[in-house]
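Hi everyone, thanks for coming.

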Amino acid sequence: MDQTLAAKPSAAAYRNLVVATIGFTLTFWAWDLVAPLGSDFKDRLGLSSFEQSLLVAVPVIVGSLGRVPVGALTDRYGARLMFPLVSALTIVPVLLIIPARNNYLAMLGVGFLLGLGGTTFAIGIPLVNSWFPPARRGFALGVFGMGMGGVALSGYFTPRIAKHGVDLPFIVVACALAAFALLAMFLITDRPDRPVPTTSLGNRLGQAGRLRVTWELSALYAIGFGGIVAFGVYLPTYLKTWYDLSPTDAGTKAAGFALVTVIFRPVGGWLSDRIHPATVTTIALAVVALFAVVQAFDPTLNPTGTICFLAMAAGLGTASGSVFALVSQVTPQPQVGSVTGIVGAVGGLGGFVPPLVMGAIYSAKDSYSIGFMLLSDLALAGCVYAYGRMRNAKAE
């Protein structure tokens, strides 16, 4: 057996994986602070469904686009610098929510800055990718991806903490980020032999952008991870509006959805270490397509609707894990950060559009069915492309 494939990860590899996953979780919680309180902002500021959707979506688009330069900067300067730096800077918009919360335009501005918390994904992927050998990389990347569980933590804890003080959730998250940034300075280390690019940021992004697989992977990730983000930011609103749940109950069920996606992300990576990640992606997206059609017919929440959402969560979580296992197989090592930034950005943008579409459709048609049918169509298209093209993709 090839020695590279047979190599066992070092203790340093596991230390970096654990610390990076914790940091990813905390920054994702910060990134998603507005969504669980969306209905509160809607009532306080008198927002329409579209305005509420825009408020919760702004951090998503900024955090997604920010992954492009952050991923390239990580290639150049390493995660040891970038992870604590970005975590510390995220504290600023978290605390700015407190004075801004009674003004819609101010909240849009803070949401723009809050997007910084969503960029740590492009820091952790190249870090984990460099420390783990190819045979263990899919599972390791899946474990790191569990940090998106910060959305579940936010959905569950943010509204509950807010009951004890309207400012308390932001203070708690800011303190947690400060503690992590301090620990990360000492515990995160870059692999000593990692390749460091010497070309300019623009040149590296241009090279990554010229790779065909960059855009193929981006499209698949926009469906998988984009679907997770979209449900994370809009599911509480959907459950409250369509099924008349209280904000707390809607947040709890949305947190359950996010938890399932978190659990199945490493499952997608683990399966991809054993069978081709494109095959795993195909099956996962087929599951999403099927249950999105069922949900489009507006079944009762218990049990049919709940089953549909949990099945879609499992499929989206598995697909998001398998797509990044595919990234590690078809991307040249020195460009992993740059490609990750672009793929992650498009994936996040995939989560920006659906909440706006769902809000607009509901405002116009008083129904969400069209939105779920569109999700089914996208998942089916991704399923066909993953099976037909990505099984034969090679590193360029």
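Let's start with Cys308: its sulfur is 18 Å from the closest cysteine sulfur, the one in Cys383, which is too far for a bond. By bond I mean a disulfide, a pair of cysteine sulfur atoms within 2.5 Å. Searching the whole structure turns up zero disulfides.

A quick word on the source: this is a predicted model, where local features need pLDDT of at least 70 and side-chain atom pairs count only at pLDDT 80 or more, while totals for chains, interfaces and linings use all residues. Residues are numbered from 1 along each chain as its sequence is written, and side-chain values use heavy atoms, leaving out hydrogens and water.

So are these cysteines buried or exposed? Cys308 counts as buried because its relative accessibility is 2%, and Cys383 does too, at 11%. Buried here means under 20% relative accessible area, with exposed over 50% and partly exposed in between, using a 1.4 Å probe and protein chains only.

Now Asn16, in helix α2, residues 11–31; helices are DSSP runs of H or I, at least four residues, numbered from the N terminus. Asn16 is buried because its relative accessibility is 1%. Beyond its neighbours within four places in sequence, Asn16 is in contact (heavy atoms within 4.5 Å) with Leu127, Trp131, Leu187, Ile188 and Thr189.

Finally, the largest nonpolar core has 117 residues, and Val94 and Phe231 are among those with the most contacts inside it. Such a core is a set of buried Ala, Val, Leu, Ile, Met, Phe, Trp, Tyr and Cys residues joined through side-chain atoms within 4.5 Å.

Methods:
Helix = DSSP H or I, 4+ residues; strand = E, 2+ residues; numbered from the N terminus.
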